[in-house]
Amino acid sequence: MTDIPATDDAVLRVTDLRTHFPVRSRGVFPKTIGQVKAVDGVSLSVAPGETLGLVGESGCGKSTTGRTVLRLIAPTSGTIELDGTDITRMSAKQLVPLRRKAQMIFQDPYNALNPRHTVGTIIGAPFEVQSVSPPGGVRAAVQDLMARVGLNPEHYNRYPSEFSGGQRQRIGIARAVALRPKIIVCDEPVSALDVSIQAQIMNLLKDLQDDFGVAYLFVAHDLSVVRQISHRVAVMYLGHIVELAPRDSLYSKPLHPYTHALLSAVPLPDPRAQANREQIRLSGDLPSPINPPSGCVFHTRCFRAEDRCKAEVPELRELLPGHTVACHFPMFDLEVGTVIRGPQGEVSELDAPEVRPPSEVIADVVESGGLARATGVDYVTGPDATPPD
Amino acid sequence: MTSASAPFLSVQDLSVTFPTEDGRVQAVDGVSFSVERGKTLAVVGESGSGKSVTAQAIMGLLDRRLSSVTGHAWLEGRDLVAMDDDEVRRERGSRMAMIFQDPMSSLHPFYRIGAQLSEAVLVHQKVSKQAAREQALEMLNRVGIPDPRTRIDNYPHQLSGGMRQRVMIAMALINSPALLIADEPTTALDVTVQAQILELIGNLQQEYDTAVIMITHDLGIVADIADDVAVMYGGRIVESGSVDDIFYRPQMPYTLGLLASVPRLDQVRAERLDPIPGNPPSPISLPPGCVFQPRCAYSDRVADHACEGVRPELVDIGGGHAVRCHLDGGQRLAIATDVLDALAGSGA
Ligand SMILES: Nc1ncnc2c1ncn2[C@@H]1O[C@H](COP(=O)(O)OP(=O)(O)OP(=O)(O)O)[C@@H](O)[C@H]1O
Ligand SMILES: Nc1ncnc2c1ncn2[C@@H]1O[C@H](COP(=O)(O)OP(=O)(O)O)[C@@H](O)[C@H]1O
Ligand code: SF4
Ligand code: SF4
Ligand SMILES: [Mg+2]
Ligand SMILES: [Mg+2]
């Protein structure tokens with residue numbers, strides 16, 4: 001697969017996007033007592049026909065980003081340009097024609113479809129809404145679409161409940177591609193599906209991209225799925241993009257400690273390879289996005305954190321071609337899973353004079369038997385640990 | 001360690017049916033396997049393949065009025081299937097325990113976690129309340145709950161998802177059960193938390209010499225922790241063996257299809273994955289012959305349409321590796337070689 005560079009004709013360009021949700025006190029006169037900083041300064045662009053994967057742990061702001069760029073949620077600040085048009089402040093009415101260009105596919109094929117509508121009505125809805133009359137009529141267009149996504153066109157009059165999870169996802173996809181959008185935000189489109197069905201749907205998404213040149217913002221927590229389908233990948237943590245890179249660069253040379261930790265936590269479906277992997281154990285949970293840590297938001301869980309990380313916000317810097325990372329002490333020298341080395345590991349080959357020598361970290365880790373202890377950080381219990389409501 | 005002769009847990013010809021309005025659901029059909037103490041058996045398969053029902057049948061969690069269970073589950077010589085409800089309840093929580101995907105299925109929302117853990121101790125051990133609370137505290141510490149003295153008085157909703165999962169594990173393991181069944185215990189968790197939880201289960205397993213049955217659909221987890229693997233499809237075990245048998249010497253077309261379907265973190269497969277076509281069968285109308293036949297690309301290599309009409313048996317092909325398929329050994333080997341070569345070749 002070729003890496004598609006971010007060009008000026010991006011179908012989607014997002015600059016310093018913030019989406020904050022107010023937290024209100026309870027009582028008769030609720031007051032705003034804080035903000036959930038779900039998305040906190042995200043910049044990204046998606047080129048025509050490109051897939052940008054967006055990964056990160058639950059609650060890091062992936063879905064909120066996806067929904068905000070489609071203006072399904074109002075942004076707090078920043079700009080969103082869709083196919084060259086600034087849609088950040090557009091009214092609902094102004095947005096209607098632009099909805100042809102951007103569509104969404106959801107995770108849950110069970111709830112995303114109206115159970116009382118036939119498949120034909122569901123897939124045909126975009127034509128209706130946009131008052132588009134396809135040549136040959138809506139029914140023929142819908143049946144074409146059904147065939148295209150691997151559904152039996154004769155099932156035009158059936159209801160969603162008569163279809164399996166994978167088939168319902170195909171219905172959602174047919175609806176999304178009906179008007180040949182330029183970009184589709186896919187929010188965990190295969191997470192609820194079995195592996196064999198997952199593979200079918202990923203192939204379908206690829207085929208549609210090849211045929212129509214549609215771009216995807218592909219939100220998922222499964223790093224293997226994202227690797228398979230993406231051209232570039234952005235890693236999110238607590239409302240921030242901490243690393244963004246061409247696919248292969250990200251997976252073979254991850255620079256951010258968080259990316260390392262995420263990648264090393266995924267077990268490989270290969271017993272021998274898995275047995276030989278070392279893993280970074282992140283301690284604790286995500287801190288609360290209401291009260292994110294100072295400086296680098298990852299510093300409470302980072303095994304490379306230093307004083308500077310608490311004080312200074314790291315800027316996104318391009319350190320390899322197209323590969324940007326927000327970290328004061330990026331991990332140039334390490335391969336995934338090689339951070340923790342046994343006593344006779346390749347520690348001596350590492351050279352990173354300006355950072356805390358990895359060998360020191362490693363020595364700590366080896367000695368104490370755990371990163372948590374090596375860094376003095378353990379199960380960070382922020383305000384998040386108390387009940388939300 | 002128990003002595004060699006009879007396996008610690010031996011499940012034999014276990015079948016479960018549910019009479020429903022739409023017809024008889026054959027959820028589990030003649031499942032047999034065994035697990036030794038200190039070992040992990042992974043049960044892998046797609047949703048609806050009968051993994052959870054198998055576990056529930058062993059644990060005596062199925063309502064006998066709404067289901068029919070046949071076969072045996074010998075736990076150190078005593079048949080769990082034949083036990084009455086009271087007997088099997090006594091076993092559960094003491095000699096055997098289960099953890100679920102959703103921790104709230106075993107935690108009561110209105111009681112402090114300490115009270116719930118102590119209660120689990122008091123039901124099965126003759127100790128003072130004070131001693132039970134000490135055990136609860138100790139267990140919370142063991143599962144890595146930070147600041148357990150404070151946390152012990154929390155309600156479940158005051159904990160994060162990962163912490164709740166730990167508390168549920170503490171609950172399951174507080175009476176040091178000899179058998180632990182974990183049904184997709186990390187499916188709802190982030191990979192980072194999943195890694196912590198799997199490590200925790202592994203450590204406790206070593207400490208207590210526990211036999212673990214890990215139910216999962218994630219081949220990565222299987223590769224990570226299993227000693228043995230049973231692949232389920234349509235209520236039946238279609239292939240079983242050591243973890244190396246299943247990953248490096250798979251023989252059944254469904255297992256091969258599964259391996260070819262998973263995207264890999266450590267390589268990019270060909271542009272397109274090679275999925276199994278079609279959908280899993282309905283448990284109400286399972287195909288009469290091989291349950292995988294409607295999706296199998298190789299059934300035409302078997303004479304006389306046997307795949308469509310004749311139910312294949314699970315046959316041991318040597319060294320505990322068993323395969324349920326009509327293809328002969330040479331055919332299976334040729335197919336497996338092709339598929340595995342294609343997989344190896346497609347890696348970047
Ligand atoms: N409408 C809302 N009001 C208040 N907070 C919200 C709202 N929607 C999302 N959040 C919060 O914003 C943060 C980001 O949520 P988001 O749904 O974007 O996460 P995500 O990365 O998609 O997670 P997941 O992987 O679980 O889907 C979370 O802390 C969430 O609780
Ligand atoms: N209580 C029940 N009544 C009827 N059918 C059931 C019941 N429980 C499970 N089943 C069916 O039995 C089959 C196996 O289910 P299950 O063991 O839960 O699958 P999984 O492998 O996903 O855990 C499924 O088709 C399911 O719908
Ligand atoms: S800036 Fe510091 S705390 Fe943040 S990821 Fe880099 S090393 Fe870790
Ligand atoms: S028995 Fe026949 S249908 Fe079943 S897996 Fe073997 S070849 Fe395929
Ligand atoms: Mg989400
Ligand atoms: Mg299940």
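Which residues of H1(A) are buried? Select Lys62(A), Thr64(A), Thr65(A), Gly66(A), Thr68(A) and Val69(A). Buried means under 20% relative accessible area, exposed over 50%, and partly exposed in between, with a 1.4 Å probe and protein chains only.

**Before going on**

This is a predicted model, in which local features need pLDDT of at least 70, side-chain atom pairs count only at pLDDT 80 or more, and totals for chains, interfaces and linings use all residues. Residues are numbered from 1 along each chain as its sequence is written, chains are lettered from A and ligands numbered from 1 in the order in which they are written, and side-chain values use heavy atoms, with hydrogens and water left out.

**Stop 1: helix H1**

Select residues 62–69 of chain A. Six of the eight residues in this helix are buried, so H1 is mostly covered. Helices (H or I, at least four residues) and strands (E, at least two) are DSSP runs, numbered from the N terminus. Now click Arg71(A), which follows H1(A) and has a positive phi, near 60°.

**Stop 2: Pro48**

Go to the loop between strand S2 (32–46) and strand S3 (51–55) of chain A; Pro48(A) lies there. Pro48(A) is partly exposed, at 36% relative accessible area.

**Stop 3**

Show the strands of chain A. Eight of them form an open, mixed sheet in the order S6-S7-S8-S3-S9-S10-S12-S11. At the edges are S6 (102–105) and S11 (316–320), each pairing on one side only. Two strands pair if DSSP finds at least two bridges between them. From one strand to the next, the twist averages 20°.

Zoom in on S9 (residues 232–237) and S10 (residues 240–246) of chain A. They run antiparallel, joined by six bridges. Val233(A) stands opposite Ala245(A) in S10(A).

Axes are lines fitted to C-alpha atoms, for helices over the stretch in contact, and angles run from 0 to 180 degrees between N-to-C directions.

**Stop 4: the core**

Select Ile123(A), Ile173(A) and Leu223(A). Of the 75 residues in the largest nonpolar core, these touch the most other members. Such a core is a set of buried Ala, Val, Leu, Ile, Met, Phe, Trp, Tyr and Cys residues joined through side-chain atoms within 4.5 Å. H6(A) gives the largest share of this core, seven residues.

Finish on Ile123(A). Beyond neighbours within four places in sequence, its contacts (heavy atoms within 4.5 Å) include Val142(A), Leu145(A), Met146(A) and Arg175(A).
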